[in-house]
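Please study the sequence and the three-dimensional structure shown below.

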Amino acid sequence: MKNENIYLGSHVGLSAPDFYLGSVKEALSYGANTFMFYTGAPQNSFRKPLSELKIQEGRKLIHESGIDESKLIVHAPYIINAANFSRPDLYEMSINTIVSELRRTAGFGAKILVLHPGSHVGMGAENGIVALAKALDLAFSTDGTDVKIAIETMSGKGHEIGITFEQVRAIIDKCEHKDRLGVCLDTCHINDAGYDIKNDLDGVIELFDKVIGLDRLLVVHVNDTKNPIGAHKDRHENIGYGYLGFDVLNRVVHHPRLEGIPMILETPYINEKAPYKQEIEMLRSGIYKDNWRD
């Protein structure tokens, strides 16, 4: 039986002139009932004041449209790397940015901030895990919000941490503020990290539950992948055009054990146009359209 309690959306922009109001309109144009956004450019820490971002107008439209605000997702900028002690200045900057993003997330009325766990930069995964857990505790002790951080599962390129479920569990275990931590499961990343969701989705979900706990799963990034299992490359592909394929990702979206969890698409643009309306329609209906990108 298919899971009909589906919260399905995509990444959306946050740009002038409508800013957050524009984000909501973009999501609605895709037929989405959830979405994810950055509170500024993902490549830097420059941020416009919340007062300039038409947040109240956006929230009004959210409420009018019947979207559950608790299912909306903010993604932290990529510049954060709190998994490495070797550069104290960058480590402190990362902590300060996490605090700022937690507060900005709360300012939008959202409750979940997705964070890449970062790179140990040659210090070893164990040291990276310790560094990140300490940074998270420092951030949670000063941010003054109830926003949760969802640690994103990573593909294993370079010196990333958070590649295995056990590493993610270790981050949570070493953090004092465990109640503020959850997980973002990325289908492309876990395939590229070596988890065989193509042939054993139920087994991977059961393993996640055993190691981390499905109660901590706050977000799923639904992405096809250009790479076979275990490639450690992290290259997203459009739904149905990658190694995983439509049937596998459709099973993820409709899986009864993932009911009620926000599902977010981060698939590539096609000829500079977002593919999300078509992908959401196919995944929501469970019906794939051949050659839909043509």
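Helices (H or I, at least four residues) and strands (E, at least two) are DSSP runs, numbered from the N terminus. Axes are lines fitted to C-alpha atoms, for helices over the stretch in contact, and angles run from 0 to 180 degrees between N-to-C directions. The model is predicted: local features need pLDDT of at least 70 and side-chain atom pairs count only at pLDDT 80 or more, whereas totals for chains, interfaces and linings use all residues. Residues are numbered from 1 along each chain as its sequence is written, and side-chain values use heavy atoms, with hydrogens and water left out.

Helix α1 (residues 19–29) and helix α2 (residues 55–65) have axes that come within 6 Å and cross at roughly 30°. The two helices are therefore roughly parallel to each other, a term for angles under 35 degrees. Their contact (heavy atoms within 4.5 Å) involves residues of α1 including Tyr 20, Leu 21 and Val 24, and residues of α2 including Ile 55, Leu 61 and Ile 62.

The protein chain as a whole has nine helices and 10 strands. Its C-alpha atoms fill a box of roughly 50 × 45 × 35 Å along the principal axes. Of the 294 residues, 55% count as buried, that is, under 20% relative accessible area with a 1.4 Å probe, protein chains only. Among contacts between residues at least 6 apart in sequence, 78% join residues at least 24 apart.

How values were computed. Parallel < 35°, antiparallel > 145°, perpendicular 65-115°, else oblique. Buried < 20%, exposed > 50% of the residue type's maximum accessible area, 1.4 Å probe, protein only.
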